[in-house]
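Dear colleague,

Please find below the structure I am handing over to you. My findings follow it, arranged by topic.

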Amino acid sequence: MSIIFHEKTKEFHLTNGEISYIIEVMENGQIGQLYYGKALRDRDSFQELHEEKMRSLMSISLPEPSSLSMEFTRQEYPSYGTGDYRMPAVTIQQKNGSRICNFTYNSHEIFSGKKSLAPLPSTYVEQEDEADTLEISLCDQLTETDLILSYTIYRDYPVITRNARFFHRGKEAIILDRALSASVEFSDMNFEMVHLAGAWSRERYVKTRKLEMGIQSIQSLRGASSSEHNPFLALKRPDASEKQGEVYGFSFVYSGNFLAQVEVNTHEMTRVTMGIHPEMFSWELHAGESFQTPEVVMVYSHQGLNQMSQTYHGLYRKRLVRGEWRDKVRPVLLNNWEATYFDFNEESILKIAGKAKEAGAELFVLDDGWFGARNDDYRGLGDWYVNLEKLPNGIKGLSEKVEALGLKFGLWVELEMVNKDSDLYRKHPDWVIGAPGRFESHSRHQHVLDFSRKEVVDAIYEMISKIIRESKISYIKWDMNRYITEPFSRGGSPTDQGKMMHRYILGVYDLYTRLTTEFPHILFESCSSGGARFDPGMLAFAPQTWTSDDTDAGERMKIQYGTSYVYPLVSMGSHVSAVPNHQVYRKTPIATRADVAYFGTFGYELDLNLLTDEEFSQVKAQIAFMKKYRELIQIDGDFYRLVNPFEGNDTAWMVVSQDKKEAVAAFYQRMNKVNASWLRLKMEGLEPHTLYEITYVSGLANEEPVAVGRYFGDELMYAGMVIDRDELNRKGGDFSSVLYTLKAVEQ
Ligand code: DGJ
């Protein structure tokens, strides 16, 4: 059992040999934080870690001579109104208007395994001995509300997951105005905050800033986790780098509004809180009702950011993603979006699919434009029946023909949305989210269906499941192309309005649950104008996410690098697209485009019929390469970030197999350099005394991979491998890349 309870001192020590998380029941019954970090040997008491001291002006919430002040004590789930002036994890409103609460220890339970949070997504265990869970039950006596703080520590990962559950017993209803999932405190502020910020087509850029006194936070109020801020932040020590140093990661398993906040007080104490954003959240609880918060996944690393990422990758790939596709390599696909946009018919689609088959692809995906009157993005959303003018044989007929070519068939949907020019809207105008008497903002000419209402989710489920049932569908791309602007449910009471944003996400999870349960063989890829909903909540339902609408190789280096802070390569939708690129109009060599896309799910987003013979032969070789190495890249390997694109001209990364006998490494440059300095790429993750044969894969037409030499792991990691700048020039100069495979050989 990795959770120890010290009866006498009422301390809980969660440890798995790698990390320790130590908390206590304090004198006033609230839960205090003693330590979080690298594993400590257990001892009878850790009271020396409890910080308590008389200070002038401080308020003490216990009778004299106590010196316990909530203002200066690290807490586990702080509330406002018992002497702490920092931002709380919980706020409860009583009928008399009071917003004070005081949750004190009642009892606790320690058990093997981990409970499901369904209908919310969460990490899980397959065997009970993979993790232990501590549930601490607290009570606010006055309102008769119970709070269960739940902690799970994994046996094989430096991970603690947290969530909070409220259960109201009192006759008088209460309103939860703030119910975050976790709060963690540190005694000092010697940290930098790392987070992933962006926008459409430049999602998840890595941002790092030194903590300052006051509040620094990231958030979403958009109804989706958003491309602006990913629901993740890390605190790292200033000397921590990719390879070494202390890092604390916090990742939120949720797809809607969130708040991730770091507050530093003037005594340099740091409080991290994470949860559903309190704005637009107000949850009334009557006697017998409960509220479950989503999960926060906390990762501790003492070997830098890369180790933190590898922990998230392993956990999310194996114990967050579910279903048949979890452990499978992903099919090489061709998606027609950038090839045709809305302008296609059955014949043109079959021509594109046929060429994809010839190249070696395994799945053809029909993107937007196949339904209703959807000939542009002004109309049709909500009408989930086929446009027979474009596709006279329906999706059924088309999918059968695509399968007859020897490809699987995939379909695009955007189930949460509606255009006003649609049969669905004409029939149910009140199903759109929007407030009475207010203008309804539009975005991409579309509106959000009120998924907080069951009847809306039911209707969409009926429409789409019919199409899926009657056709041969192996893959679904579930898109979502606008945020919620005027959150109001026309089907709800006044008190329902504060529940609407969360219920919307529960509606999305409900539809995902129904579809993934009824169609377990289908591979789902979530998407939101590219990567505006790339979050752990979505990954629990859809094992892969379209990383960004920006398919330019140069831009993707940054986007995929940032995304890899939390998310495994196998979850990143990555395609080779046409040049000039449709987002930045840049021309990059087709070899570079593939060299970037290999580090993800891999596919194409162009019409292969338009390529030259030379390019087509390159594509064939690329697909063959990916098929050979995808088990290593997507399933088996550990990902190492080697050179950071946010710091300069170059990018490099590599994947090393678990047994360290195989690896794939790539180096990319943006601008070419003249008369440049020597370039040595220091690899990572290899076995120092193993001899590796290195093969260079140029990716150019009619060039077979060539052996470039044999080197020991120590040379490759500590001295580095020389990258030949002339080779980068030969391959196209700007935006060129080199790709190497490594294989352990006998000495
Ligand atoms: C946004 C997605 O990110 C694109 O890949 C494409 O599916 C379009 N929507 C279709 O409208």
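K396 and E400 both belong to helix α4, which covers residues 394-404, and they are four residues apart, about one turn of the helix. An α-helix has 3.6 residues a turn, so residues three or four places apart point the same way. The side chains of K396 and E400 join in a salt bridge, with 3.1 Å from N to O. K396 is partly exposed, at 39% relative accessibility, and E400 is partly exposed as well, with a relative accessible area of 34%. Please bear in mind that the model is predicted.

Salt bridges

The count of salt bridges in the model comes to 54. R86 and D84 are joined through their side chains, at 3.1 Å from N to O. Are these two residues buried or exposed? R86 is buried, because its relative accessible area of 5% falls under the 20% limit. D84 is also buried, with a relative accessible area of 2%.

The second pair is R326 and D327, whose closest N and O atoms are 3.1 Å apart. Here the two partners fall into separate classes: R326 is buried, with a relative accessible area of 11%, whereas D327 is partly exposed, with a relative accessible area of 42%. Both residues also take part in a network of salt bridges that links them with E126, E130 and R319.

The ligand

Which residues come nearest to the ligand? They are D367, D368, K477, D479 and D549, out of the 13 residues around the ligand. By class, this shell holds six charged, four nonpolar and three polar residues.

- D367 has a polar side-chain atom 2.6 Å from an oxygen atom of the ligand.
- N481 has a polar side-chain atom 3.4 Å from a nitrogen atom of the ligand.
- W546 has a polar side-chain atom 3.4 Å from an oxygen atom of the ligand.

Taken alone, the ligand exposes 290 Å², and the protein buries 97% of that area.

A covered helix

Helix α10 spans residues 590-597 and is mostly covered, with eight of its eight residues buried. The buried residues are I590, A591, T592, R593, A594, D595, V596 and A597. Against which elements do the buried residues of α10 pack? Their partners include two helices, α9 (553-563) and α11 (613-636). The strands β30 (575-577), β34 (662-669) and β39 (737-745) also pack against them.

A glycine in a loop

Finally, I draw your attention to G382, which sits in the loop between β22 (363-366) and α4. G382 counts as buried, because its relative accessibility of 0% is under the 20% limit. Which residues does G382 contact, once its neighbours within four places in sequence are left aside? G382 is then in contact with M417, V418, L424 and M463. As a further point of orientation, the C-alpha atoms of G382 and T161 are separated by 38 Å, and these two residues are 221 residues apart along the chain.

With kind regards

Technical notes: Residues are numbered from 1 along each chain as its sequence is written. This is a predicted model: local features need pLDDT of at least 70, side-chain atom pairs count only at pLDDT 80 or more; totals for chains, interfaces and linings use all residues. Side-chain values use heavy atoms; hydrogens and water are left out. A salt bridge is a side-chain nitrogen of Lys or Arg within 4 Å of a carboxyl oxygen of Asp or Glu. Buried means under 20% relative accessible area, exposed over 50%, partly exposed in between (1.4 Å probe, protein chains only). A residue is near a molecule or strand if one of its heavy atoms lies within 4 Å of it. A polar contact is a pair of N or O atoms within 3.5 Å; within protein, one must be able to donate a hydrogen and the other to accept it, and residues adjacent in sequence count only if both atoms are side-chain atoms. Accessible areas come from the Shrake-Rupley method with a 1.4 Å probe; for residues, only the protein chains shown count as cover. Ala, Val, Leu, Ile, Met, Phe, Trp, Tyr, Cys and Pro count as nonpolar, Asp, Glu, Lys and Arg as charged, and the others, Gly among them, as polar. Contact means heavy atoms within 4.5 Å.
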